[in-house]
Amino acid sequence: MLFTLTDPQLGTIYKSGETIVSQGEEAECLYVILEGQVDILVESDSGEGVELLGTLHKDDMFGEIACFDHKKRSATVKANGATRILSIDRKTILKRIHEDPTIVFNLMRHMSDRIRMLNEEVLTLRRQLRDRNSQESPDQSTSVETPESPSE
Amino acid sequence: MELNDNARIAVVGGGPAGSLSAFFLQSLAERVGLTLKVDVYEPRAFYKTGPSGCNMCGGIISESLIELLATEGLQIPSSVVIDTIDTYTLHTDDGHVRIRSRLDEMRIASIFRGGGPRGADHQLPLPWDSFDWFLLQQACKRGARHIPERVKALSINEQGLPTVHTKGMEPSAYDFLIGAIGLGGPSLKMFEKMGFGYEQPETTKAFVAELYYGDQEVKHRLNQAMHVFLLTIPGLKFAALIPKGHYATLIILGEITMDLIQRVLASPVVKRIFPPGWEIPVQPCQCHPRITIGAGKTLVADRIAMIGDCAVSRLYKDGIGAAYRLSKPLALTAITHGVSKESLAQHYLPQCDRMDRDNRIGHTLFNMDTLFRSIGPMRRGMLETVRQEQAQAGGHQHLSAALWDTFTGSSSYQDILFRLLHPTVLARLTIKSALSLFRKPQQE
């Protein structure tokens with residue numbers, strides 16, 4: 001007898017380009033990427049196409065925001081290549097958080113990583129905007145009033 | 001008795017309870033900026049095949065545990081997952097019914113606790129990894145030290161510190177000693193002899209056998225379902241066949257005797273799941289492990305705590321999940337409140353007591369099931385109720401969910417009881433049971 005690992009594995013397999021969650025739908029789960037990667041896409045305000053917000057990889061989580069704020073999905077997530085995803089029922093997690101609040105720590109770490117990444121992007125975009133403004137109007141004051149910095 | 005920087009912790013036993021305790025101790029310590037030296041004493045090489053590497057259980061990782069471990073950042077790798085389950089098939093003397101997962105996804109894993117069944121090592125390296133070895137390695141990645149030595153004795157030294165004695169090392173004193181020794185006889189006696197009042201829990205025996213089918217027959221016969229047999233055989237709590245790659249794991253729970261085992265194997269209901277012409281191999285990899293059905297006494301003392309099967313575990317199901325649910329509170333208590341008897345009693349023991357109380361509800365549920373199973377109309381009523389629920393896509397499936405959670409170990413027995421007491425379930429069961437008096441039993 002020759003042993004091999006049989007095919008079945010945990011989670012759901014998505015083909016490349018397949019939608020995992022859609023912007024605007026109700027949120028019942030958060031997700032963990034077991035294998036592969038996914039693209040986070042948001043419909044642009046003008047309605048012309050979608051913007052790629054970022055790409056998540058193995059062991060990353062997504063969909064957790066909607067689980068906590070009870071709002072609809074803020075983005076569409078699609079498989080980028082063959083991907084295996086585990087869904088985690090929102091009620092299971094919320095119930096477990098009441099029993100063991102420390103379980104939130106790993107979720108918060110993922111959210112913190114994302115906030116840091118967003119902070120850097122915001123700063124980069126502001127710098128680019130400032131540079132563009134100063135190039136377009138070199139005679140005007142280059143100081144730009146900035147709102148409060150993104151939170152730490 | 002707080003754990004300060006460089007505090008030393010000994011975990012005796014490197015199964016799931018011990019490994020997860022070490023893992024969470026290191027993880028939580030890192031979060032609060034504490035350095036701990038955690039030693040896990042485990043002489044077994046879990047990657048070995050046969051009894052020497054095995055911790056002897058059915059090898060199911062429940063749906064809820066998969067979710068919780070994933071949330072903790074502990075993904076079970078593909079090489080450890082031998083097979084996956086998305087359906088439970090309940091078999092009774094009057095027919096069977098399939099209960100599908102509520103989410104259309106593979107969410108329950110079957111694993112080998114050790115390196116695999118005896119005899120599998122004719123092919124090395126094996127394509128799979130041991131679950132227990134994986135967990136122990138996760139603890140080591142967090143900084144725990146695996147000491148592959150058998151603990152020969154335990155004592156308390158002059159400073160009041162628990163001391164571990166092994167054959168190959170000098171006696172080592174620790175600030176905290178965790179007993180995660182399972183139900184192995186000599187190790188249990190060591191803790192009982194320490195004199196703090198520990199007594200091992202009440203146990204019963206199970207029967208576990210790894211039956212070689214070949215992966216094609218496993219796929220064909222078991223079809224990614226766990227098959228649970230609720231038969232009217234005296235002394236049988238339940239039996240189950242679990243798909244595991246090239247093997248089907250047979251578990252029998254009840255008053256284990258050779259007679260009971262042979263009656264289960266000879267049952268036409270069970271034989272239908274075997275490949276045609278297939279006979280039980282002579283001496284398959286099999287064992288009669290003891291399983292915990294009660295709670296041990298005096299589980300904590302100053303600088304000492306017991307955890308896992310030697311303390312309290314979930315009744316009949318999800319022992320690995322029980323290890324997770326207690327190892328984290330134990331680690332949290334030790335780090336945030338200290339390791340005195342008072343701290344452990346105040347913050348860790350209530351979790352053990354909660355599990356024990358839930359197990360008492362579990363005992364009642366299983367006893368009720370044994371009773372109802374013996375009554376034909378009730379048995380048929382249960383089958384019909386579940387069939388009706390499964391046929392109604394998207395409807396409330398209270399009985400299906402209760403049975404699913406019972407046999408997956410995904411919910412507490414208290415939650416399962418509340419589902420069973422739902423008025424819809426009681427009404428449907430009553431009506432279907434009454435109607436079955438006038439109808440022939442139907443096969444699905």
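So, B:Gln224: you'll find it in the loop between helix 5 (215-222) and strand 14 (225-229) of chain B. Helices here are DSSP runs of H or I with at least four residues, strands are E runs of at least two, and both are numbered from the N terminus. B:Gln224 isn't a glycine, yet its phi is positive, about 55°.

Quick housekeeping: this is a predicted model, so local features need pLDDT of at least 70 and side-chain atom pairs count only at pLDDT 80 or more, while totals for chains, interfaces and linings use all residues. Residues are numbered from 1 along each chain as its sequence is written, chains are lettered from A and ligands numbered from 1 in the order written, and side-chain values use heavy atoms, with hydrogens and water left out.

B:Tyr316 is another non-glycine with a positive phi, about 65°. B:Tyr316 sits in the loop between strand 20 (304-306) and helix 8 of chain B. It's buried at 17% relative accessible area; buried means under 20%, exposed over 50% and partly exposed in between, with a 1.4 Å probe and protein chains only. B:Tyr316 also belongs to one aromatic cluster, along with B:Phe238, B:Phe366, B:Phe407 and B:Tyr413.

While we're on rings: how many aromatic pairs does the structure hold over all chains? The count is 16. Rings of Phe, Tyr and Trp (its six-membered ring) pair if their centres lie within 6.5 Å; planes under 30 degrees apart are stacked, over 60 edge-to-face, and the rest tilted. A:Tyr31 and A:Phe62 are a stacked pair, because their ring centres are 5.1 Å apart and the planes are at 15°. A:Tyr31 is in strand 3 (residues 29-35) of chain A and A:Phe62 in strand 6 (residues 61-62) of chain A, so this pair ties together parts 31 residues apart in sequence. A:Tyr31 is buried at 10% relative accessible area, and A:Phe62 is buried at 3%.

Over in chain B, the rings of B:Tyr41 and B:Tyr174 have centres 6.2 Å apart and planes at 85°, so that pair is edge-to-face. B:Tyr41 is in strand 2 (residues 36-41) of chain B and B:Tyr174 in the loop between strand 11 (172-173) and strand 12 (176-179) of chain B, so the pair links parts 133 residues apart in sequence. Both B:Tyr41 and B:Tyr174 are buried.

Now some helix packing. Helix 2 (residues 63-71) and helix 8 (residues 319-336), both of chain B, pack at about 40° with axes 9 Å apart. The axes are lines fitted to C-alpha atoms, for helices over the stretch in contact, and the angles run from 0 to 180 degrees between N-to-C directions. That makes helix 2 of chain B oblique to helix 8 of chain B; under 35 degrees would be roughly parallel, over 145 roughly antiparallel, 65 to 115 roughly perpendicular, and the rest is oblique.

Who touches whom? On the helix 2 side of chain B we have B:Ser64, B:Leu65, B:Leu68 and B:Leu69, and they meet B:Ile320, B:Gly321, B:Tyr324 and B:Arg325 in helix 8 of chain B. Contact means heavy atoms within 4.5 Å.

Helix 2 of chain B is mostly covered, with 9 of its 9 residues buried. After helix 2 of chain B comes B:Gly73, with a positive phi near 85°.
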